[in-house]
Amino acid sequence: MSELDIVRDLAKQVLIIPIINGFYDSSLWDRAQRLVRNVENICKLPELGKAGSQIDMFSLITATYFNDAGLVCNLKAGYSPDKFDNNGDDLLDDCRKIVEEKLSRFVGQAKIDTINKIIADSYSRSAIMTEAIILSDARNLDDMGTTGVFSELKRYVAGGKGVSDAVNIWKRKVDYGYWQARLKESFRIEPVRRLAEKRLLAVETFMNQLQLENAAADFE
């Protein structure tokens with residue numbers, strides 16, 4: 001078993017959360033695997049140039065698997081997933097502790113420090129680490145398309161919201177220029193920004209249809 005196989009198994013143990021009566025919430029684990037796929041494809045982009053050959057792939061992939069680990073403590077404590085993001089100081093501190101606890105038997109401290117730095121820096125707009133920039137773009141890309149809408153709808157349901165709430169929240173974001181601001185400010189790698197724009201167009205079609213059906217306007 002390779003080191004990354006071990007990392008993958010450890011992340012899976014952390015991110016699949018027992019709920020009740022033998023049921024599990026696997027959404028964080030599912031997202032981690034999706035982010036890893038994003039990261040792997042971003043690393044293949046020719047635009048990375050020389051930086052691509054210098055990427056610490058082990059630390060980057062490991063950071064990606066454990067990126068949402070800080071949320072686990074809150075979810076296990078019974079907090080609603082619609083109230084949390086993973087970039088608060090407390091959540092990043094929880095994430096750091098989990099990385100150290102789970103990886104210390106298999107990975108040296110210097111490498112663990114690098115992994116935690118990638119995760120923390122990926123939430124900073126002034127990040128200069130290539131690995132942190134890649135993780136940030138991979139995570140923001142996941143927020144932009146239908147995967148992002150799926151995650152938002154899941155949080156709305158957990159928070160007791162309905163379709164009308166989802167439609168109204170989406171409309172407010174559009175009116176405030178939220179998504180255009182995200183496209184402009186959240187990406188450092190241009191091909192990823194362009195892909196995010198395509199995904200946003202696709203999800204706009206979905207949300208417009210949801211709004212149409214919710215208002216029964218398609219009867220017209």
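Predicted model: local features only at pLDDT ≥ 70, side-chain atom pairs only at ≥ 80, totals over all residues.
Me: How are the ring planes of Trp-29 and Tyr-65 arranged: stacked, tilted or edge-to-face?
Reply: The ring centres of Trp-29 and Tyr-65 are 5.8 Å apart, and their planes meet at 20 degrees. Planes under 30 degrees apart count as stacked. The pair of Trp-29 and Tyr-65 is therefore stacked.

Me: What kind of aromatic pair do Trp-170 and Trp-179 form?
Reply: Trp-170 is buried with a relative accessible area of 8%, and Trp-179 is buried with 6%. Their rings lie 5.4 Å centre to centre, with 40 degrees between the planes. That angle falls between the cut-offs of 30 degrees for stacked and 60 for edge-to-face, and the pair is tilted.

Me: Which residues form one aromatic cluster with Trp-170?
Reply: Trp-170 and Trp-179 already form an aromatic pair. The count of aromatic pairs in the model comes to three. The cluster that holds Trp-170 also takes in Tyr-178 and Trp-179.

Me: Over which ring does the charged end of Lys-173 sit?
Reply: Lys-173 is in helix α10 (residues 163-175). Leaving aside neighbours within four places in sequence, Lys-173 is in contact with Glu-152, Tyr-156, Tyr-178 and Trp-179. The charged end lies 4.8 Å from the centre of one ring, and that ring belongs to Tyr-178.

Me: Is Lys-173 buried or exposed?
Reply: The relative accessible area of Lys-173 is 18%. Buried means under 20%, so Lys-173 counts as buried.

Me: Which residue lies over the face of Tyr-123?
Reply: Here too a charge sits over a ring, for which the CZ of an Arg has to be within 6 Å of the ring centre. The distance from the ring centre of Tyr-123 is 3.7 Å, and the residue is Arg-139.

Me: How many residues of α4 are buried?
Reply: The buried residues of α4 include Phe-58, Leu-60, Ile-61 and Tyr-65. Among the elements that cover them are α1 (3-15), α2 and α8 (130-144). Met-57, also in α4, is partly exposed at 33% relative accessibility. The helix is mostly covered, and of its nine residues the number buried is eight.

Me: How far apart are the C-alpha atoms of Met-57 and Pro-191?
Reply: Met-57 has its place in helix α4. Along the chain, Met-57 and Pro-191 are 134 residues apart. Their C-alpha atoms are separated by 20 Å.

Me: What is the phi of Ala-216?
Reply: Most residues other than glycine have a negative phi. Ala-216 lies in the segment after α12 (190-214) and is partly exposed at 36% relative accessibility. Although Ala-216 is not a glycine, its phi is positive, at about 55 degrees.

Technical notes: Residues numbered from 1 in each chain as written. Heavy atoms only, no water. Helix = DSSP H or I, 4+ residues; strand = E, 2+ residues; numbered from the N terminus. Buried < 20%, exposed > 50% of the residue type's maximum accessible area, 1.4 Å probe, protein only. Phe/Tyr/Trp six-rings, centres within 6.5 Å; stacked < 30°, edge-to-face > 60°. Lys NZ or Arg CZ within 6 Å of the ring centre and 35° of its normal. Contact = heavy atoms within 4.5 Å.
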